[in-house]
Amino acid sequence: MTISICAPDSKLQYRSGNTLLNWLRAMLSIRAVAVIAACGVLLPLLVIASSILQPETKIWQHIVDTLLLELLKNTFVLSVGVLVGTFFIGVGSAWLTAVCEFPGRSFFNWALVLPLAMPTYVLAFVFIGLLDFSGPVQTFLREQLNLSANWFPNIRSAGGVILVMSLALFPYVYLLARNAFATQGKSVLEVSRALGHSPTKAFFKAALPMARPWIASGMMLVLMETLADFGAVSIFNYDTFTTGIYKAWFGFFSLNAAAQLSSMLLVFVFLIIIVEQRMRSKMQFHQVGKISLAANRLRLEGWKKWTACISLMSIVLIAFVIPCLQLIAWSTATISVELDGRYFGLLFRSLLFSSMAAASITFLGVLLAYIQRQHTDLFTKWLIRLSTMGYALPGTVLAVGIVIIVNWADKPMVWMFRELLGIELSSVLNGTIVVVLFAYTVRFLTAGFNTINNSMLRITRNMDEAATLIGVTGIDLLRRVHIPILKNGLLIAAMLVFVDVMKEMPITLMTRPFGWDTLAVKVFELTSEGEWQRAALPSITLVAAGLIPLMLLNKKAEGATF
């Protein structure tokens with residue numbers, strides 16, 4: 001009897017051990033996706049950081065003597081100016097639309113988000129084309145009104161680029177501040193006023209301090225976008241770190257010098273990421289009632305309501321409507337010349353890059369979201385966080401780091417083709433679509449992952465358990481249960497990535513194969529030559545594409561009360 005009992009036990013132990021081994025192998029294999037994704041972000045950063053150990057002495061000394069001080073000053077002035085501008089525009093408009101009642105409030109609630117559809121570099125050249133000395137505004141003042149334009153502010157200045165970027169980026173602050181004020185409700189003001197505060201004092205003493213974490217988080221996003229911007233500052237010929245990196249690479253032909261400048265910019269970016277994460281950790285919602293705000297907004301009367309309406313209408317007109325009308329006018333004037341095979345070639349390559357990037361990022365985002373769902377340990381959490389950190393990194397920095405890695409990988413691959421296959425190649429990876437897609441994936445994985453992960457949270461554990469009971473586990477669970485439920489989330493994620501890649505300029509400009517220009521690259525080339533009218537047609541196409549995620553955002557928020 002002892003023997004009869006021992007035999008089954010040994011089989012059970014063998015099966016248990018075999019099952020455990022298979023589980024470990026499966027866990028390691030699927031986590032390898034997260035490890036590879038994290039390495040995709042970390043490797044370019046490590047390469048850029050290591051460039052400090054191999055300085056280009058002569059070129060770096062020239063940069064220090066002639067450029068570095070100007071880059072630091074310009075970057076600082078631009079950052080501070082844009083932060084101030086976005087704070088006043090974003091917080092002021094958020095307070096009016098979230099707490100006050102006046103004519104057109106519901107329209108401005110979504111219209112103030114429209115400037116997000118306008119790439120900063122498009123808004124930049126439209127403003128220069130409109131407000132420059134030879135533009136229609138100053139020409140009208142001189143010829144029709146006989147006014148001297150000497151008093152007219154110079155748009156090609158630090159103030160001009162600050163104005164343009166503030167108008168393009170204030171929706172980041174507006175959206176977060178609006179949500180913060182919406183969760184406070186009118187009761188915050190009523191309590192403050194019961195303590196003897198005027199409405200203005202109540203705003204500064206109660207509402208604004210309570211919304212500070214949201215506002216600070218929005219301003220950190222603005223600061224990251226400002227530091228990462230390449231198109232707008234290059235159009236204004238306003239040198240910052242991003243243009244300095246581009247000039248070091250393509251002007252001095254020194255990838256190492258570009259990497260060293262990138263390492264300095266990375267220090268600022270990481271400091272911003274740390275501050276932003278701290279601000280985000282302090283963000284807490286305290287809803288005062290589902291309908292309290294909608295039913296008890298602060299009603300503006302007399303001149304106040306019209307001042308609010310005119311102020312917000314001015315923002316929408318200046319930041320979106322007038323630039324769009326100018327682009328349409330320029331496009332109409334040049335469409336007979338510009339709408340040819342070259343334009344359709346640019347459109348095709350833009351659509352191809354965007355579609356391939358959207359497909360690969362959506363696929364990887366699904367896997368990462370599934371990994372995070374199945375494994376909640378600290379190691380997996382940090383892997384996912386590292387994998388999705390690329391969105392905070394400037395495109396110029398990523399392009400430099402990735403190209404250096406590709407150059408290193410190319411040498412042994414070229415040797416293998418020559419020695420083993422007898423094929424003589426100058427490069428294998430460099431200058432190929434693979435490099436561009438890799439850079440896109442690192443940069444925009446966050447946008448795809450966050451959308452998919454938020455949709456994944458709606459799938460309850462009960463669904464997983466029910467599927468497990470009928471034998472559906474692992475990848476089959478993802479394929480047969482999760483993906484059908486995530487269909488809408490996957491579509492939205494793919495669209496968001498598609499539009500981001502369509503508008504991306506520095507990565508495409510610095511890593512694309514030779515001759516593979518896109519709409520964004522064409523805009524850069526034409527605006528570099530002052531060809532505003534010719535740049536209008538590809539620009540209006542990019543703006544139209546940028547409206548897609550805003551329409552999705554508005555549709556998603558239709559049921560919300562602000």
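Me: What makes Phe230, Tyr246, Trp249, Phe250 and Phe524 a cluster?

Reply: These five residues are linked into a cluster by ring pairs, where rings of Phe, Tyr and Trp (its six-membered ring) pair if their centres lie within 6.5 Å, and the planes count as stacked when under 30 degrees apart, as edge-to-face when over 60 and as tilted for the rest. The model is predicted, so local features need pLDDT of at least 70 and side-chain atom pairs count only at pLDDT 80 or more, while totals for chains, interfaces and linings use all residues. Residues are numbered from 1 along each chain as its sequence is written, and side-chain values use heavy atoms, with hydrogens and water left out.

Me: How do you know whether Trp95 and Phe181 are buried or exposed?

Reply: Buried means under 20% relative accessible area, exposed over 50% and partly exposed in between, with a 1.4 Å probe and protein chains only. Trp95, at 13%, and Phe181, at 0%, therefore both count as buried.

Me: What makes Tyr246 and Phe524 an edge-to-face pair?

Reply: Their ring centres are 6.1 Å apart and their planes stand at 75 degrees, so the pair is edge-to-face. It links distant parts of the chain, with Tyr246 in helix H11 (residues 241-250) and Phe524 in helix H23 (residues 519-528), 278 residues apart. Phe524 is buried, at 13% relative accessibility.

Me: Why is the charged end of Arg142 said to sit over the ring of Phe133?

Reply: The term requires CZ of Arg, or NZ of Lys, within 6 Å of the ring centre and within 35 degrees of the ring normal. Arg142 sits over Phe133 at 4.0 Å from the ring centre, and Arg385 sits over the ring of Trp382 at 5.0 Å.

Me: How many disulfides are there?

Reply: A disulfide is a pair of cysteine sulfur atoms within 2.5 Å, and by this rule the count comes to zero. Cys39 is partly exposed at 35%, whereas Cys309 is buried at 15%.

Technical notes. Helix = DSSP H or I, 4+ residues; strand = E, 2+ residues; numbered from the N terminus.
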